[in-house]
Amino acid sequence: MRAIQCVSLDLTKRLSLGQLASVAGLQYTYFCRLFRLQIGLRFSDWNRQIRIERSKTLLMTTQLPITHIAMAVGYTDVTTFARNFRKSEAMTPRAYRQAHQVR
């Protein structure tokens, strides 16, 4: 739970699995196995999912440029963000904003 909290508080931090295992006080391989058992996803999949969920909130509630949103949720380039967003939501971030933005 400490590792999840550490990542969730600041998505822009790029912590390695080794660093997160250390935060949790566990060995790397045990951390990976335990994370998957407890959460039901590999850490990388969970991390991608949490970033996309946070970006959806920002797309709906702000007028921030998509590039800024990508950076705010921890992506270093907008192309990777857009690709992962499209894979997850079956639409681009711009289309998602247009369809879901609170007026």
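Visitor: At what angle do H1 and H4 pack?

Guide: This is a predicted model, in which local features need pLDDT of at least 70, side-chain atom pairs count only at pLDDT 80 or more, and totals for chains, interfaces and linings use all residues. Residues are numbered from 1 along each chain as its sequence is written, and side-chain values use heavy atoms, without hydrogens and water. Helices are DSSP runs of H or I, at least four residues, numbered from the N terminus. The axes of H1 and H4 (lines fitted to C-alpha atoms over the stretch in contact, with angles from 0 to 180 degrees between N-to-C directions) lie 11 Å apart, and the packing angle is about 35°.

Visitor: Which residues of H4 does H1 meet?

Guide: Contact means heavy atoms within 4.5 Å. From H1, Ile-4, Val-7 and Ser-8 take part, and their partners in H4 are Phe-43, Trp-46, Asn-47 and Arg-54.

Visitor: Which residues touch the most other members of the largest nonpolar core?

Guide: Such a core is a set of buried Ala, Val, Leu, Ile, Met, Phe, Trp, Tyr and Cys residues joined through side-chain atoms within 4.5 Å. Buried means under 20% relative accessible area, exposed over 50%, and partly exposed in between, using a 1.4 Å probe and protein chains only. Among the 22 residues of the core, the most other members are touched by Phe-31 and Phe-81.

Visitor: Is His-100 buried, exposed or partly exposed?

Guide: His-100 belongs to helix H7, residues 93–100. Because its relative accessibility is 35%, His-100 counts as partly exposed.

Notes: Helix = DSSP H or I, 4+ residues; strand = E, 2+ residues; numbered from the N terminus.
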